[in-house]
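Please read the following alongside the sequence and the coordinates.

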Amino acid sequence: MESTPTPPRTPDTAASTSASSAHRPGGGGRPPDGPQPSRPKQTDAAVQPPSSAISALGLTKLFGRTIAVDKLTLHVPHGSFFGLVGPNGAGKSTTISMITGLLRPDAGEVWIGANETWSDPVAAKQQIGVLPENLRLFERLTGAEMLQYIGQIRGLKTEVVLSRRDDLLETLGLQDAGGKLITDYSTGMRKKIGLAAALLHAPQVLFLDEPFESVDPVSVRTIRTVLERFTESGATIVFSSHVMAIVEDLCDRVAVMNAGKLVSSGTLADVTQGQRLEDAFIELIGAEETDAGSLSWLQRSPD
Amino acid sequence: MVATFARLKLKLLRNSVRGKPQDVVSLLLAMFMGVGLVFGTVAAVVYLRTQAPELVGLWVINLFALLSVVWLIFPMLAGSTDGTVDPAKLAHLPLTDWNWITGLLTAAMVGVAPIATLLFLILWVVTAQTIGQGLYLLASSMVLLAICVVSAQAGTAFMSGLVRGRKTRDIAGALLAMFAVSFGFGFQFVVDPLFDLTEAQLGLGARWFRWLPGGWIGQGVAWSRDGDWIKAGGALVAGVGYVAVVSMVWWRQLQTLLTSTEERGGNGAKSDRFMPPVGELLPLDIRTSLARSLKEIRRDPRIWTTVVGQLPLIIILGFPISQWDNERLVLFSGMIGFYGGMLTANLFGVDSRSAWIDLSAAPSMRPILWGKSLAYALLVGPLGIVMALVLVLWKGGAVYMVGGIALTVAGFGAVAHVMIPTSVIHPIPLLEETNLFGGQAGGSVSAGIRVLIAIFLGSLYVAPAAGLMAGAAWLSPWATIAASPVVAVWGWLLWTRGIDKAENRIHTDQSKFLAALTP
């Protein structure tokens, strides 16, 4: 799709569950019987790209009869470090997969800059780097080889690929492991080589789905440093995590998801309202304290 | 981009030599088999050079058409499309449709099977009488290879899409099982005439086969031999058109597979729904394991491909057996037991994580092994009875049915005796694949070798029971009924012994077992 950028029309940090505009992407799945989300209305505004780095408009996904993501509308401003948080099954990974062109939504549209992901996936994917949660790598390549092939497939010149590859391997502490097959990598090393592959082409937007899960503290520190340096260059990062402390520490903006819907979004201060993020999060999703007394059988008697 | 994909594939193949020993052996054996195919072709074409020129043209049409059909059907039955360059691993990259199609097809053409096929085709050049014919054969070889590869990719991609729903898998599995059984025993009607082909029969085959895509190319070669270059050129253009159209259709299907997930919800699989009445008689731990395994078999499409992938075994075994025109043939329904036993060859590969939980939670792995293998026995049991009934209807000899069922138990026990410990010693962790039929190059060879070893060793173990049954059948049909309990108990004992061996192996070296389960 040829799209012409238009002047900014979206608010700086608009985010709501009401759809501003949406359409059914080509070949979208057939909604089955059962509970149906109300479909967003078609508007002519769909052809106008929003000014944010990322805009998801009325994004909807159903798995069978389950609504995984329900008419989600989200805008991520340029240069922000954006945290997407929510309990298990909230729809965070599904949302990131739909935004990055890895899972076709049943309704809605996604803009990466001036490009709609599902109408012009090539242009959209050129601008982004992705570290998915279920990272699938070529196990029979070495880390260095994988970076080289990814770079070449992305159309980078060989000398650029080799230079960036060496830089990334060194920065991420993988220079010694660069010659080992990925199948022999630990979980932390896999995350780091995945991050290197996502950064290789210096994307404008980086998506990280649970980047710190199962990663040791040293690797967490390394990844954090790399990400902080990346945002200093004006790039945008979106990442999902369960670890509230990391989100609070790194992000300037946060969105909270629950049961497929966006329950809050904005600057960290807006969302937390002076509380710790964890407390605000629990309040927002309406979680209740579990009655520990129900597990009284776990307590041993003194004798 | 095409060159990058080709280099990527070559690198992956080269690095597989740095992998696990069985990967290396599989790749080497695949190459060995490829070389064997090429030498066989050399002998065939040298022989054909001595034949009349008209006959060569007819052979080319028939063989080229059959080749394209084999490339289409075999990967679906044997689950062996080369998915070494898994597109799911590149899905986040900005590739155009053209990049994807040309890149993936190029990668699919770099491998032992396609190169052996190309050599098989190119060797026909020795039958050319002029340089022009030789050049035409070279060009048509490339086009036919592309037809074969794109047909295989499209066929398996469509099958993967089709069997995403559980009910569709059930129906497709039943249909394919019926196909394998009927084809296995009915194959003689197709093959027998091949041993004594006349020119008229070859011509009849060519007349029909030339309508298949491979046949177009064969017909083109025949026309080039006649000097009819316009028609020959048209055949090549048609072949290229087929490749272009099927590539587009295949890529659309692959895109759908890449950007969607398996259907969920709806027809939920409740374990009690699948638990046969006999299950209630089992001890609780085995019953629990059986219920879980039955649920897993229905839910996981990778198990479906394993079950379907072993079906050619029925064809391989069925064909020589069906040559025998005797009512005792009913006893050979026992070969279904061999097929069932083969399914126990990778009990932990599909859900390797559960093995960790089982090992930490269960005091012994014996009930787990019983439950898993029993699930496959229950799956093939009805098939054995159906096959016995079919053979009775075909050849008569209803009295041999009991013996046939006893031999099914013996065959299952004999092969499970070998394969259950194998699934512990050399488990093959299965990865999630976009294309269910895609796998690492050499994977199908590895599975094929397991089949051959299992048939050989299973035959040795089942020999005493089979000998007893054969002796009984020689004495009197009714004696087979008397021998049946002994034969079934023999199979049962072998099965039990296989589970004991596997259990001992796990507990002797737990860490090695768990390490082998890590993909």
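Helix α9 of chain B is mostly covered, with 12 of its 13 residues buried, where buried describes a residue with 20 or more other C-beta atoms within 10 Å of its own, exposed one with 12 or fewer, and partly exposed anything in between, the C-beta atoms being placed from the backbone. Helices here are DSSP runs of H or I of at least four residues, strands are runs of E of at least two, and both are numbered from the N terminus. Among the buried residues of α9(B) are B:W216, B:I217, B:V221 and B:R225. The helix covers residues 213–225, and because 1.5 Å a residue should give a span of 18 Å, the 19 Å between its end C-alpha atoms agrees with expectation; the expected span is 1.5 Å times one less than the number of residues. Just after α9(B), B:G227 takes a positive phi of about 80 degrees.

The model is a predicted one, in which local features need pLDDT of at least 70 and side-chain atom pairs count only at pLDDT 80 or more, while totals for chains, interfaces and linings use all residues. Residues are numbered from 1 along each chain as its sequence is written, and chains are lettered from A and ligands numbered from 1 in the order in which they are written.

Chain B as a whole has 21 helices and 2 strands, and 48% of its 519 residues count as buried. Within it, helix α4 (residues 97–109) and helix α6 (residues 131–162) pack at an angle of about 105 degrees with their axes 10 Å apart, the axes being lines fitted to C-alpha atoms over the stretch in contact and the angles running from 0 to 180 degrees between N-to-C directions. The two helices α4(B) and α6(B) are therefore roughly perpendicular, a term for angles of 65 to 115 degrees, whereas angles under 35 count as roughly parallel, over 145 as roughly antiparallel and the rest as oblique. In this packing B:L105, B:A108 and B:M109 of α4(B) meet B:L145, B:V149, B:V150 and B:Q153 of α6(B), two residues being in contact if their C-beta atoms, placed from the backbone, lie within 7 Å.

A second pair is found in chain A, where helix α5 (residues 187–199) and helix α6 (residues 217–232) pack at about 15 degrees, with their axes 10 Å apart. That angle makes α5(A) roughly parallel to α6(A). The contact brings A:G188, A:K191, A:K192, A:L195 and A:L199 of α5(A) together with A:S219, A:I223, A:V226 and A:F230 of α6(A).

Between the chains, 25 residues of chain B are in contact with 25 residues of chain A. On the chain B side, helix α1 (residues 2–15) gives the most, with 5 residues.

Which residues does A:K92 contact, leaving aside its neighbours within four places in sequence? They are A:L84, A:G86, A:S240 and A:M257. A:K92 lies in helix α1 (residues 92–99) of chain A and is buried, with 25 other C-beta atoms within 10 Å.

Finally, most residues other than glycine have a negative phi. A:A259, however, has a positive phi of about 50 degrees although it is not a glycine; A:A259 lies in the loop between β10 (253–258) and β11 (261–267) of chain A and is partly exposed, with 16 other C-beta atoms within 10 Å. Phi of A:Q273 is likewise positive, near 50 degrees, and A:Q273, in the loop between α8 (268–272) and α9 (277–285) of chain A, counts as exposed with 11 C-beta neighbours inside 10 Å.
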